[in-house]
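Hello,

Have it open as you read, and I'll walk you through what turned up.

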Amino acid sequence: MRDVDQTLEITAVVTHCIDELNKQLPAAGRLTTTPDTLLVGDGGVLDSLGLITLFVSIEQELATKHAITCPLLDTLMSETDGNPMETIGSLVHWINQNANIGT
Amino acid sequence: MSVFLKLISDFNVEPLARFLRNLPGWDAEAIEVARYGQFYPALADRPNETIWAKIVWTQPERVIAQFATACNLEAVDHELVLDEVDAFADAITQAANMQYVFVASWVMPRNYPGYGMLDWRPGLGLKHLLARMNLRLAERLSVHNNAFLLNAERWQRTAAEAEPAKLWYAAKIPYAPQVFEYAATDIAGAIDAIRGKSRRLIVVDLDNTIWGGVVGETGWQGLRLGGHDHIGEAFKDFQRELKLLTSRGIQLAIVSKNDECVALQAIENHPEMLLRKSDFVGWCINWQDKATNILDLAKTLNLGLASIVFIDDNPAERDRVASALPEVLVPDWPKDPTAYVQALRELDCFHAAAISSEDRSRKQSYIDNREREQLMQAADSQEDWLRRLNTRVRVDKVNDGNIARVAQLFNKTNQLNLSTRRLSEREILDWQSVDNRSMIAVSVSDHFGDMGLVGIVAVETDGAKGTVVDYILSCRVMGRKVEETLLHLATEELSRLGAASVDIRYVPTARNRPTLEVLQKARLQQVEPDRFSIDVKPGFAKPPAIAVERGDD
């Protein structure tokens, strides 16, 4: 039950942060919030500034509102062999797997 | 948005550019970001006519070297810091000779400890020093009417989110996205003000908007307003906030579904009312559709719908007005009256590039207009009414004393504006400095009061051919033969410059159709659909009911 709740919380945070990021993106380049939306790699619409802004805001909101910490940006920067956060769905999954849950 | 903006910063200001590009009506291609860290070179660009304004946003510890030293808690001579501020201000004012420059005031990072409890101590504390730096910058920039210091502390304060340090380390962005979002809205409001697009009239509902309760049910004695009641106090504070805006030239009006007699009784008799009848330039209190009432008010006050903000607690009424009159700004309004003041303060649509005596007296001017209308209804004819008004038109050269108001008229007037040229003070003074050109400023007064400087005529000659380049008149004096008097003055000026004929070319915009109607009604020779002409001899006759006085040049 806790896993389901946490996944919902993480999904809500990611969706909210994408909505906020969309305010900075041109109409044609806005992200949808479906799990298969590409974030990183070929076919992704975000530039590096967009990715940094998104990941930092997700990290911050997870930490301040849900006491969940996870090094999203650090992982993005250090991954050289494929990316575990390629889509919104895989991003939520990755956070779920790697988050340190606060008390 | 067709103006071209350049953003100059010593940090990564790209988020501001992105928020600006996404504002409704803005052209994404018209915003350029200078390479950060290239502050002085970017500011000192060679004159580039395509750049309309530069936005300068810097961090004090990165742009003022002595302040950076002070931030290391080393002893510095604060006067030397201010010398650097002067050099910074000089670079800004130099750029302001070419285009508008909007400068963000300097702020410290949130929770920066500085010298702790000593941080406000003169000669030591960084907060004290930064306050002096901002004051110095404000004073130095105030001498240039193209330079504006914007309150960046408000942007930072309004953002609820803390500054994420990671954004700084990863992308050299010192603030949360929300700060940039507020900054973009504020800057857009300031630009709108210069371009004559600020909102000038707030139309308010009554019940549960400026007082608590429904006056038709409880009578004014039962309303929640002031007193020992937190909701009543909130409504009273909201009225105070609205009244403050009138000192900035913003007018108030009422559109409410109520019995007019009952509502006006409440306004006049409730002891805690801060807004009285005399604070409103007009009202439509009846049971009709509010959108129709707003249209009527706009027509009576000679204001375009794009000048109006409508505030109503009822979402259904807001929705009706927003869909029927899309030009009217209808902000979402909080349910909680204690949030009303904040909601009003967050509307960044009331900026003014200058506040003139005409702005401060505008409410009285509208009230005088109401009395003029009443006099007209009592008069036998329009001529009789005009004669009884005893209208006097005063003509002055454009000079340092009136240039701020002249620039304001150039940039704010939409309806009676022949060519809708938007010019800065410097551009106006430069334009009229040529021998074959003349520009006059027209002030109007009558039996009811002084309307101040309300009109401009600019003419130029090319041999015997004279042209009216600008014909600008505030809507406050429309319909009183001042329009015709301006045509008379234009031909007189051109005659003085040696012209034999007068060419008037109407440049249509979305909002200046009334200008064409004035020209058509004046029975000039219409040589093309948008072009009129007058022979300098005999010229255009002055309306007999208007007296013209020449000021001392």
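**A walk through chain B, and a look at chain A**

In β5(B), Leu149(B) is the bridge partner of Val103(B). Please keep in mind throughout that this is a predicted model.

Strand β4 of chain B covers residues 100-104, and four bridges pair it with β5(B) in the parallel sense. Both strands belong to an open sheet of five, ordered β2-β1-β3-β4-β5 in chain B, with parallel pairing. Which strands stand at the edges? They are β2 (31-33) and β5 (147-150) of chain B; each has a single partner strand, so one side of each is left without a neighbour in the sheet. On average, neighbouring strands here are turned by 20 degrees against each other, direction ignored.

Helix α9 (residues 177-194) of chain B lies across β3 (53-57), β4 and β5 of chain B, and runs at about 150 degrees to β5(B). The α9(B) helix also packs with helix α1 (residues 14-21) of chain B, at an angle of about 55 degrees and with the axes 8 Å apart. That angle makes α1(B) oblique to α9(B), and their crossing is right-handed. On the α1(B) side, the contact is made by Pro15(B), Leu16(B), Phe19(B) and Leu20(B), while α9(B) brings Pro177(B), Phe180(B), Glu181(B), Ala183(B), Ala184(B) and Ala188(B). By class, the residues of this contact divide into nine nonpolar, no polar and one charged.

**The domains of chain B**

The domain assignment for chain B gives domain 1 (5-194), domain 2 (201-345) and domain 3 (357-550). How far apart do the C-alpha centres of domain 1 and domain 3 of chain B lie? The distance is 40 Å. Between these two domains of chain B, five residues of domain 1 are in contact with six residues of domain 3. The side of domain 1 of chain B that touches domain 3 of chain B has two nonpolar residues, three polar and no charged.

**A second open sheet and a helix pair**

Chain B also has an open sheet of four strands, in the order β8-β7-β6-β9, again with parallel pairing. At its edges stand β8 (280-286) and β9 (308-311) of chain B, each with a single partner strand, so one side of each is left without a neighbour in the sheet. Neighbouring strands of this sheet are turned by 15 degrees against each other on average, direction ignored. Strand β6 (residues 201-204) of chain B runs parallel to β9(B), and four bridges join them. To find this pairing, look for Leu201(B), which stands opposite Ile308(B) in β9(B).

Helix α13 (residues 290-301) and helix α14 (residues 315-324) of chain B pack at about 55 degrees, with their axes 9 Å apart. They are therefore oblique to each other, and α13(B) passes α14(B) in a right-handed crossing. Here Lys290(B), Ala291(B) and Ile294(B) in α13(B) meet Glu317(B), Arg320(B), Val321(B) and Ala324(B) in α14(B). The classes in this contact are four nonpolar, no polar and three charged residues.

**Further along chain B**

Helix α19 (residues 403-412) and helix α20 (residues 425-432) of chain B pack at an angle of about 100 degrees, their axes 9 Å apart. That makes α19(B) roughly perpendicular to α20(B).

Two backbone details deserve a look. Most residues other than glycine have a negative phi, and most peptide bonds are trans. Asn390(B) is not a glycine, yet has a positive phi of about 55 degrees; its place is the loop between α18 (382-389) and β10 (392-397) of chain B. A cis peptide bond joins Lys537(B) and Pro538(B), with omega about 10 degrees. Pro538(B) lies in the loop between β17 (531-535) and β18 (547-550) of chain B.

**Where the chains meet**

The contact between the chains takes 11 residues from chain A and 14 residues from chain B. On the chain A side, helix α2 (residues 48-66) gives the most, with six residues. The residues on that side divide into five nonpolar, four polar and two charged.

Enjoy exploring!

Definitions and conventions. Residues numbered from 1 in each chain as written. Chains lettered and ligands numbered in written order. Predicted model: local features only at pLDDT ≥ 70, side-chain atom pairs only at ≥ 80, totals over all residues. Axes fitted to C-alpha atoms, helices over the stretch in contact; angles between N-to-C directions. Helix = DSSP H or I, 4+ residues; strand = E, 2+ residues; numbered from the N terminus. Parallel < 35°, antiparallel > 145°, perpendicular 65-115°, else oblique. Left-handed = near helix turned anticlockwise from the far one by under 90°. Contact = placed C-beta atoms within 7 Å. Nonpolar A, V, L, I, M, F, W, Y, C, P; charged D, E, K, R; others polar. Pairing = 2+ DSSP bridges. Domains from an automatic or database assignment.
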